[in-house]
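Hi everyone, thanks for making time this morning. Let me put the model up on the screen, and then we can walk through it together.

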Amino acid sequence: MAAQTDSCYLGFDFSTQQLKVVAIDGNLQVTHQNNVQFDSDLPEFRTQGGVHIHEDRLTVTSPVCMWLKALDLILEKMKNAGFDFSHVKAVSGSGQQHGSVYWKKGARRALQHLDPGRDLHSLLQDSFAVQDGPVWMDSSTAKQCQYLESAVGGAQQLADITGSRAYERFTGNQIAKIHQFQPDKYNETERISLVSSFAASLFLGDYAAIDYSDGSGMNLMDIFTKQWSEPCLKATAPQLAEKLSDPASSTAALGFVSHYFVKRFGFPEDCKVIAFTGDNPGSLAGMRLQEGDIAVSLGTSDTVFLWIKEPRPTVEGHIFCNPVDNLSYMALICYKNGSLTRERIRNECAGGSWEGFSRALRSVPMGNNGNIGIYFDAMEITPPAVGIHRFDQHNRRVDTFTQEVEIRALVEGQFLAKRVHAQKLGYKIIPGTRVLATGGASSNKDILQVLSDIFNAPVYTIDVANSACLGCAYRAVHALVAEMGVSFSEAVRKAPGAQLAVTPSPEAEEET
Ligand SMILES: Nc1ncnc2c1ncn2[C@@H]1O[C@H](COP(=O)(O)OP(=O)(O)O)[C@@H](O)[C@H]1O
Ligand SMILES: O=C(CO)[C@@H](O)[C@H](O)COP(=O)(O)O
């Protein structure tokens, strides 16, 4: 038993607004959590919500050095809190999906020879061809998307190969744009990482493979053969296969932590680095999603995802390889107008307070007396539309709502869209359906009540606010036994289950 509590597994999450970490022991109990907020803890990078929005309002990037400094800082915070790195058996993690990092020629050597006396930021700050890399909020690559789709025979054909039609934020289209508009930077690049594989590379002290699950969000990988698709690579940029290197299973042990982490922080030499993945795949693991459940993540983006066995890609939504089971898949839909839109309406209609926002939700009945709103502050992903639209109970377009009605219209509208899209993906809401909620806004019971009423199903949450981190710590546990044929669900069988947060109001049944 002592050995169980003496061992430790780490899961990091490089998400849009912050870097977070969760440590668990061999009994799968959480022993430590920490975080670094990009805007407030690293103000020198002048990000808003972790990103830079450019003048065209379409280009959105994040400074790669910010992520380096964030890792330096979180590890120092852990050390100062007395965290003992010497018991860490394996490290894994996740990153916001689709974002890319461009390592410049010679960077691999720098990674392999990190001086433990210095921080990662000072050692690696000159290792990137592109300082500010495109992230998932970018929607500036419409032309590249059109080109890719026509090069492979159309949107459905591209979805049949890669799991998704062409999306602006998907990495292949971002790479194509960099190749076209900054050819010198593209040529200077020796390796392209996703945010997830970039973070894994830091721990490994060498370039880490892109994993199948996060690699599915690039419009470059054949999700059935799990190899880069030749026609997609060809339509994207030259010499791309060598800049990406082969993808790897999301359960792969990539090697041991580098000498740097052993000397500087006291990690054991045999501490393994497990492939990092996307934050949504990480959350699927953290919530221990089962077939039949539906997950709703309310982070910076809102996402809805499902565990599926038989993928049927369409031109709406995405199919990704499953991060914990190589024979399964996950279906996902992403909404750009998630928490940031809720924050705007909170600021305008509830004096900037979540408590005021919640009070307003409680003060108006379910169904909002027939008032409906659509709030796309930024160009939405599904559907690709922008603008604010309000309709009253007579279906008449109106310019304003009262503050309380506005708040309920926003939240009901966001969840109605999720229900409709999930059903279009083939999801059936039946007795026994569980909605698993995660992400920052899942701490708000009044928002969860609306979710439960719209889906007419109970909503469950897990104790740890960040399911992506927790999921990656679980993935680290699983990866050490995966080669012996142990399934993920078996490896994490003893982990605490999700807890019931809210059930549908009695009136919900009549409305749905
Ligand atoms: N009590 C709350 N009610 C509603 N939303 C909240 C609450 N607390 C935090 N949030 C939202 O959570 C968001 C951050 O979610 P998080 O999952 O941590 O983001 P990410 O992982 O994308 O960095 C914030 O932008 C904020 O709007
Ligand atoms: O683009 C997607 C998924 O396709 C986003 O969900 C990103 O993965 C960002 O995640 P958060 O930081 O909002 O969790």
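Let's start with Ser164: is this residue buried or exposed? Ser164 has 0% relative accessibility, so it counts as buried; here buried means under 20% relative accessible area, exposed over 50%, and partly exposed in between, with a 1.4 Å probe and protein chains only. Before I go on, a word on the source: this is a predicted model, where local features need pLDDT of at least 70, side-chain atom pairs count only at pLDDT 80 or more, and totals for chains, interfaces and linings use all residues. Residues are numbered from 1 along each chain as its sequence is written, chains are lettered from A and ligands numbered from 1 in the order in which they are written, and side-chain values use heavy atoms, with hydrogens and water left out.

Back to Ser164. You'll find Ser164 in the loop between α7 (155–162) and α8 (171–181); helices (H or I, at least four residues) and strands (E, at least two) are DSSP runs, numbered from the N terminus. Leaving out residues up to four places away in sequence, Ser164 touches Leu158, Ala159, Phe170, Asn219, Gly317, His318 and Ile319, where contact means heavy atoms within 4.5 Å. Ala176 sits twelve residues from Ser164 along the chain, and their C-alpha atoms are 17 Å apart.

Now the overall layout. The protein chain splits into domain 1 (8–281) and domain 2 (289–461), with bounds from an automatic or database domain assignment. Their centres, taken over C-alpha atoms, are 27 Å apart, and 32 residues of domain 1 are in contact with 26 residues of domain 2.

So where does ligand 1 lie? Both domain 1 and domain 2 give residues to the shell around ligand 1, so ligand 1 lies between them. There are 16 residues around ligand 1, with Ser15, Gln18, Lys20, Thr300 and Glu343 the closest; a residue counts as near if one of its heavy atoms lies within 4 Å. For polar contacts, meaning pairs of N or O atoms within 3.5 Å, look at the side chains: Ser15 has an N or O atom 2.8 Å from an oxygen atom of ligand 1, and for Glu343 that distance is 2.5 Å. The protein buries 82% of the 590 Å² that ligand 1 exposes when taken alone, using Shrake-Rupley areas with a 1.4 Å probe. Two or more shell residues come from each of β2 (18–25) and α16 (339–349).

On to ligand 2. Its shell holds 14 residues, and Thr16, His98, Arg169, Asp279 and Ser301 come nearest. Here too, domain 1 and domain 2 each supply at least three residues. A side-chain N or O atom of Asp279 is 2.7 Å from an oxygen atom of ligand 2, while Asn280 places a polar side-chain atom 3.0 Å from an oxygen atom of ligand 2. On its own, ligand 2 has 370 Å² of accessible area, and the protein covers 96% of that.

Arg288 follows α15 and has a positive phi, near 45°.

Technical notes. A polar contact is a pair of N or O atoms within 3.5 Å; within protein, one must be able to donate a hydrogen and the other to accept it, and residues adjacent in sequence count only if both atoms are side-chain atoms.
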